[in-house]
Amino acid sequence: MYQEFNQHKRSDTIKWIVAFSLIIVLMAGVVASILIAVRADKANKNPASVVELEDGSLVVNDSVATAYNMPAKLLFAASSTPREANPGHTVSIRLTATVTPIEAENKAVDWSVAWVDQETNNDKTVTDYVTVTPDSDGSATATVVCKKAFDGAEIVITVKTRDGGFTAQCKVIYVGNPSEMDIIVTGATVKHDDAWNVDIVEVKSGETYLFDINFDNDFGVVGKGFTPNYKISGVSYGKLVLKRETFDSSGTITGTSEVEQEVCVADLWDSDQYIYTFMQVQSSYAFYNKFLIENGKLKVIAEDVYSSTQGASYGRGGGARSTFLRYQDNRVPYVLVTVTEQNTGLTKTLCVRTTSGVNGVSLSNDTLYI
């Protein structure tokens with residue numbers, strides 16, 4: 001019986017050895033499969049191993065855990081430097097690729113730049129538009145320079161690790177925000193006013209003008225995605241001297257005096273980008289010009305001239321009337337209009353005055369007796 005017990009014990013031992021051997025073989029197979037998958041992943045540089053995070057960084061999900069601290073997009077916009085002061089204007093952005101883990105011995109990377117749509121831009125050399133220059137050979141920090149506008153196209157910058165050949169990319173998109181704004185005066189006369197020492201745009205009473213609003217930047221191309229958002233404001237300068245006459249119920253003049261009236265700017269419909277200049281005389285208003293933005297243009301509606309200002313009021317006991325006498329200090333009033341593009345903060349001002357051509361003539365006497 002002792003012998004049978006020993007044989008049974010040896011049999012159980014053999015079974016356990018075989019079972020453990022099978023487990024070891026199975027584990028070895030799993031480990032080998034993982035190693036093969038990882039090596040294949042590294043060899044093939046499978047894009048599926050790259051995950052883009054919300055902050056725009058790219059992280060490679062494998063045993064090396066390489067991370068690239070790169071933005072998803074680079075947005076180039078011109079600065080406010082005048083083109084005349086810097087005809088060779090460029091925009092530079094610093095870009096950094098972070099390779100981890102920090103214990104990695106070889107963190108050297110190589111940089112390259114290419115068109116996203118190479119076929120469409122085959123006739124254009126990408127480095128004529130954008131270049132990427134590392135601080136030194138293999139440096140993880142580089143300077144990206146935009147040399148000229150490439151609106152409507154996209155450029156991609158690629159960084160590649162020398163150890164393992166992992167890559168990360170970011171797009172370069174031309175925004176081209178304007179750095180200059182101008183209002184083009186057409187159909188009106190611009191004259192220098194010595195009394196005010198300013199250049200004034202003269203618009204004729206009864207006519208409407210549309211002035212183009214143009215944008216530019218140091219690259220000479222404003223991006224197609226730029227949509228202006230305007231606001232206009234104004235302030236007036238100048239006073240009228242009016243002759244004020246009072247009269248009784250019979251119409252007999254009871255008094256005459258001179259009063260000064262200041263031209264005003266009302267901004268009552270600011271949300272509609274609409275302003276106008278006016279002056280209250282007696283119980284009525286005289287309107288001189290209106291300004292608004294219409295279809296991306298500055299619209300100027302010229303109404304009355306300042307010298308046509310007059311008004312009257314009546315009551316049971318009489319009344320009063322006011323008529324234009326002269327301009328204070330012989331300075332004809334004008335309004336300073338400011339157009340502001342609210343996205344960029346760019347502004348442009350115009351001095352505007354409503355004038356009139358000859359509209360009549362009169363004599364001091366109807367009849368002369370000689």
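Biologist: What makes Glu154 partly exposed?

Modeller: This is a predicted model, and Glu154 has a relative accessible area of 27%. Buried means under 20% and exposed means over 50%. The value for Glu154 lies in between, so Glu154 is partly exposed.

Biologist: Why is the pair Glu154 and Lys171 called a salt bridge?

Modeller: The closest N and O atoms of Glu154 and Lys171 are 3.4 Å apart. The cut-off is within 4 Å, so the pair qualifies. Glu154 sits in strand E9 and Lys171 in strand E10, so the bridge ties together parts 17 residues apart in sequence.

Biologist: How do you know that Lys171 is partly exposed?

Modeller: Lys171 has 35% relative accessibility.

Biologist: What makes Asp135 and Arg94 a salt bridge?

Modeller: Their closest N and O atoms are 2.8 Å apart. Again the limit is 4 Å, so the pair counts. Asp135 lies in the loop between strands E7 and E8, and Arg94 in strand E5, so parts 41 residues apart in sequence are tied together.

Biologist: Why is Glu303 with Lys290 counted as a salt bridge?

Modeller: The closest N and O atoms are 3.3 Å apart, within 4 Å, so this pair is a salt bridge. Glu303 lies in the loop between strands E21 and E22, while Lys290 is in strand E20.

Biologist: Why are Glu303 and Lys290 not called buried?

Modeller: Buried needs under 20%. Glu303 is at 22% and Lys290 at 21%, so both are partly exposed.

Biologist: How many salt bridges does the rule give?

Modeller: The count is 14. Asp110, Asp137 and Arg162 are linked in a network of salt bridges.

Definitions and conventions. Residues numbered from 1 in each chain as written. Predicted model: local features only at pLDDT ≥ 70, side-chain atom pairs only at ≥ 80, totals over all residues. Heavy atoms only, no water. Salt bridge = Lys/Arg side-chain N within 4 Å of Asp/Glu carboxyl O. Helix = DSSP H or I, 4+ residues; strand = E, 2+ residues; numbered from the N terminus. Buried < 20%, exposed > 50% of the residue type's maximum accessible area, 1.4 Å probe, protein only.
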